Every structure is written in structure tokens, then in C-alpha cells.
Amino acid sequence: MDAVRLIVTSRRALAGSGDAPETMTEVWQAQALAQAIGSRLAVSGPPELRGEALGLTELAGRGCGVLDTPRLATEDLRAAQLTDLGDARQTLLGLGGLLGEVGIALVGLACAVDDESTYWQCMEAIDAADESRDRVREMLRRLADREEALPEPEREAG
């Protein structure tokens with residue numbers, strides 16, 4: 001499945017999640033998807049994105065690592081369904097939006113939970129999502145810089 005479709009699916013699932021365990025599962029899914037997208041970009045994305053993409057992979061992995069790993073069947077793991085990045089710019093725009101929504105969901109969850117363990121998981125995951133989103137923004141900036149540097153005929157063709 002292409003990255004943009006998976007991102008849209010994740011955004012809908014996160015918005016529709018109800019209780020804390022369901023929200024934490026969707027946050028974990030989003031971080032795993034960000035990790036998979038970062039990994040793909042690091043290997044086969046535009047050369048100017050590869051360093052930042054590797055950083056995104058590491059940060060999103062940290063985001064997964066601070067959360068309890070949900071029990072998901074392989075076919076339910078969205079990151080495992082990633083087959084195509086599609087347009088890097090569109091993918092990164094969607095991913096940035098998803099990571100922003102992850103942060104908002106985690107803030108809401110942190111404010112509502114009673115146990116300290118879940119609260120601190122949320123705080124760590126908020127940091128990871130925020131730093132991942134910063135990497136996405138940097139990659140978008142680099143893409144824009146690359147497009148500006150292209151001669152006019154190549155910009156129109158691209």
C-alpha cells in the first residue's frame with residue numbers, strides 16, 4: 001500500500017480511538033509507520049533527504065520503544081503494509097500532519113491518565129513525535145531548496 005494511504009488510515013484510526021490503550025496502540029502504529037517511511041527514504045529517497053531520513057527512523061524507533069508494544073497481528077501492522085513511498089513531498093506533508101496529531105492525542109491522554117507510568121510514556125512519546133516532526137519539516141525544506149535550485153525547464157517537467 002502506498003505511504004499516503006497508510007498515513008490517511010492512521011490519521012483516521014487515531015482520531016477514532018477511544019480509550020487509553022486504543023490511543024496508545026494508534027500512537028505506536030503511527031510511530032512505526034514513520035520509522036518505516038524514514039527507512040525507505042534513507043535507502044531510496046532523494047539523496048539530500050537521506051541523512052534526515054535516517055534520523056527520522058531512529059527517532060520514530062525511539063517513539064515506539066518508549067511505549068508498550070501492542071499485540072497486533074502482522075496483517076494489522078500498517079508499517080508492514082508499506083510498499084510504495086509515492087511522491088516524497090506528499091508523503092512528508094501527510095506524515096508531518098500525522099505526527100502533529102499524535103502529539104495532540106498524547107497530550108490529551110497524559111492529562112487524563114491516573115497512573116504515573118502511562119503519563120511518563122506519554123511524555124517520552126510526545127518528545128519523540130515532536131522531534132520526528134522536526135525531521136519531517138527539515139526534509140520538506142530540503143525538497144523545496146532542491147526545487148528552487150532546478151533550472152526552470154526541469155521545474156516545469158518535474
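**Exercise 1.** Is arginine 62 buried, partly exposed or exposed? Determine also which residue forms a salt bridge with arginine 62.

*Solution.* The model is predicted. Step 1: the relative accessible area of arginine 62 is 32%. Step 2: buried requires under 20% and exposed over 50%, so arginine 62 is partly exposed. Step 3: the salt-bridge partner is glutamate 131, with the closest N and O atoms 3.5 Å apart. Glutamate 131 is itself partly exposed, at 33%.

**Exercise 2.** Locate the salt bridge between glutamate 26 and arginine 78, and state whether each residue is buried or exposed.

*Solution.* Step 1: the two side chains meet at 2.9 Å, N to O. Step 2: glutamate 26 lies in helix H2 and arginine 78 in the loop between H3 and H4, 52 residues apart. Step 3: glutamate 26 has 11% relative accessibility and arginine 78 has 10%; both values fall under 20%, so both residues are buried.

**Exercise 3.** Describe helix H5 by its span and its packing partners.

*Solution.* Step 1: H5 covers residues 116-149, and its 34 residues reach 50 Å from first to last C-alpha, close to the 50 Å expected. Step 2: its buried residues include Cys122, Ala129 and Leu140. Step 3: the buried residues of H5 pack against helices H2, H3 and H4.

**Exercise 4.** Characterise the aromatic pairing in the structure.

Notes
Residues are numbered from 1 along each chain as its sequence is written. This is a predicted model: local features need pLDDT of at least 70, side-chain atom pairs count only at pLDDT 80 or more; totals for chains, interfaces and linings use all residues. Side-chain values use heavy atoms; hydrogens and water are left out. Rings of Phe, Tyr and Trp (its six-membered ring) pair if their centres lie within 6.5 Å; planes under 30 degrees apart count as stacked, over 60 as edge-to-face and the rest as tilted. Helices (H or I, at least four residues) and strands (E, at least two) are DSSP runs, numbered from the N terminus. The expected span of a helix is 1.5 Å times one less than its number of residues. Buried means under 20% relative accessible area, exposed over 50%, partly exposed in between (1.4 Å probe, protein chains only). Contact means heavy atoms within 4.5 Å. A salt bridge is a side-chain nitrogen of Lys or Arg within 4 Å of a carboxyl oxygen of Asp or Glu.
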